[in-house]
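Colleague: I have some questions on the side-chain contacts in this model. Could we go through them together?

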Amino acid sequence: MCFFTRLSRFKCSDACVEILITFSIQCLAGLTRGYLLDIMKEELYKKAIAVLDANFQEGGFTIPSAGLYPFQWKWDSGFIAIGFAHYDVEKAKTEMRTLLDAQWENGFIPHIVFHTENDSYFPGADFHQSELHPLSSKKYRSTGMTQPPVTGFVLQEMYRIAEDKQDMLNFIKEEIDKVYENHAYFYSNRDPQDEGLVYIYHNWESGTDNSPVWDDIWKTMNPPEYTFVRKDTTHVDASQRPTKREYDHYLHIIDIAKQNNYDDAKIAELSPFLVQDPLFNAMLIKSNQALVDMYIMIGGNEEKIKTILKWQSKSIESFNNKLFDAELGAYVHYDLRNEKPIRHITSSSFSPLFANIPSQERAEVLVKTMMNKFGGEDKYLCASFDPTNDRFNPKKYWRGPVWINMNWMLFLGLKNYGFTDVAARMKQDSIELIEKYGFYEYFDCRKDTGEENTPGYGGNNFSWSAALFIDMVNTP
């Protein structure tokens, strides 16, 4: 006997029955809608796994996106390993093992490892000439620049996710000293003023390649006009990518480094681009703490722990004293070459939340700034550059679009400080963008773009978007 037949046997007014029937239909509709949403999320989860598996290569590494990015990128691999750890631990370990195997003898880890010959990307191995550095890898060709130091906290995340903790700890024991040596490289070679803040010498080292933050530095330079064939714009609309003239600046900085055999001291002396980046340094600080935590789990290593804690204390103090702009209510980049802050607000400005750098009081200032400038109801969190600034471009790479890796870090950072509502929105906005547009590289932060069919931007089936979606849906 159905529910509605049973309902008719009760003595109740017609109005009462109508209300109960309406309520029951709404409940059933809600259950159906919830069930359908669960199915959609399950299908999306399967799709994320399919993206990662398709991008995993025979050489034991994962490309970010087919065609556009055919090699192994440093911070991409870290985020990708976190996704793999949820369903294929061996691939996660292989990803990190392959990356760390490309480390140079001085502890440096390059931002691209050219495992294969592929002419679909420029500039490639022949342009970078990593072999110019006497301590570069003899096994792998690579670039002579790096990317944000994520490897420490990635290993810790892999341990958090792993069901077999002892197996993962054994893997960490094998690889952790390489991460320590990478950090030692930074503090020994990239901190000329001994203040605990390391520099980047190229915008590509920041990970935020064409951010408007760099525009003022380009004004101080006049690089030659290079002749080259762009490969990225054969895969992606040129309006979503850096300009040719921007590439002239990028290539010129690499040429300066090459002319000096990638010697860090000469780069610090001569490079027109020398920046203390809040994102880069926040990742280093986050990974420092991860190293301490993991070394304590392993046992022993007291001298290394003592050294890391010394780095950490100096780094956090200098970070808060030098990079926080009280007037803007955010952390900013510092132009070490010209000794002045670069006073723009970006998603990187909020990354210290992920590394537990600000006090609770300062964290509240950061979140207020974020929500006032980036968090309007007409926008998805979190644009990569200040939407209220005239340099903002919602479609162009790091000049405005939302990036899932940044949102993932901000989601965890906000949770860490107790901003649960904003954290929930960061997570939901990220998932909604992927549900609507797919696993793209980056997304328009505007909910209404004025276009009938707004796509995602950059590379499709993008690995870290898939990997971090997997982690976010598994993180309450």
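Modeller: Let me begin with the term itself: a salt bridge is a side-chain nitrogen of Lys or Arg within 4 Å of a carboxyl oxygen of Asp or Glu. Please keep in mind that this is a predicted model.

Colleague: How many salt bridges does a search of the whole structure find?

Modeller: The search finds 39 salt bridges. One of them joins Asp 471 and Arg 160, with the closest N and O atoms 3.0 Å apart. Asp 471 belongs to helix H17 and Arg 160 to helix H6 (residues 151–161), so this pair ties together parts that are 311 residues apart in sequence.

Colleague: And is Asp 471 buried or exposed?

Modeller: Asp 471 counts as buried because its relative accessibility is 1%, the limit for buried being under 20%.

Colleague: Which residue forms a salt bridge with Glu 269?

Modeller: That is Lys 266, and the closest N and O atoms are 3.4 Å apart. Glu 269 and Lys 266 are separated by about one helical turn, because they are 3 residues apart in helix H11 (residues 264–270). Lys 266 is partly exposed, with a relative accessible area of 31%.

Colleague: What about Glu 451 and Lys 395, where do they lie?

Modeller: Their side chains meet in a salt bridge of 2.7 Å, N to O. Glu 451 is in the loop between H16 and H17, and Lys 395 is in the loop between helix H14 (360–374) and helix H15 (404–416), so the pair ties together parts 56 residues apart in sequence. Glu 451 is partly exposed at a relative accessible area of 35%, and Lys 395 counts as partly exposed at 28% relative accessibility.

Colleague: Which residues are linked in a network of salt bridges?

Modeller: Arg 97, Glu 174, Glu 175 and Lys 178 are linked in such a network.

Colleague: Let us turn to rings. How many aromatic pairs are there?

Modeller: The count comes to 43 aromatic pairs. Among them are Phe 439 and Phe 469, whose ring centres are 5.6 Å apart with planes at 75°, so the pair is edge-to-face. Phe 439 is in the loop between helix H16 (420–437) and helix H17 (463–473), while Phe 469 is in helix H17, and the two are 30 residues apart. Both of these residues are buried.

Colleague: Which ring does the charged end of Lys 322 sit over?

Modeller: It sits over the ring of Tyr 334, 4.1 Å from the centre. Lys 286 likewise lies over the face of Phe 354, at 4.6 Å from the ring centre.

Colleague: Now the sheet. What is the order of its strands?

Modeller: It is an open sheet of 3 strands in the order S1-S2-S3, with antiparallel pairing. Strand S1 (72–73) and S3 stand at the edges with a single partner strand each, so one side of each has no neighbour in the sheet. Strand S2 (residues 112–114) pairs with S3 over 2 bridges, and Phe 114 stands opposite Arg 141 in S3.

How values were computed
Residues numbered from 1 in each chain as written. Predicted model: local features only at pLDDT ≥ 70, side-chain atom pairs only at ≥ 80, totals over all residues. Heavy atoms only, no water. Phe/Tyr/Trp six-rings, centres within 6.5 Å; stacked < 30°, edge-to-face > 60°. Helix = DSSP H or I, 4+ residues; strand = E, 2+ residues; numbered from the N terminus. Buried < 20%, exposed > 50% of the residue type's maximum accessible area, 1.4 Å probe, protein only. Lys NZ or Arg CZ within 6 Å of the ring centre and 35° of its normal. Pairing = 2+ DSSP bridges.
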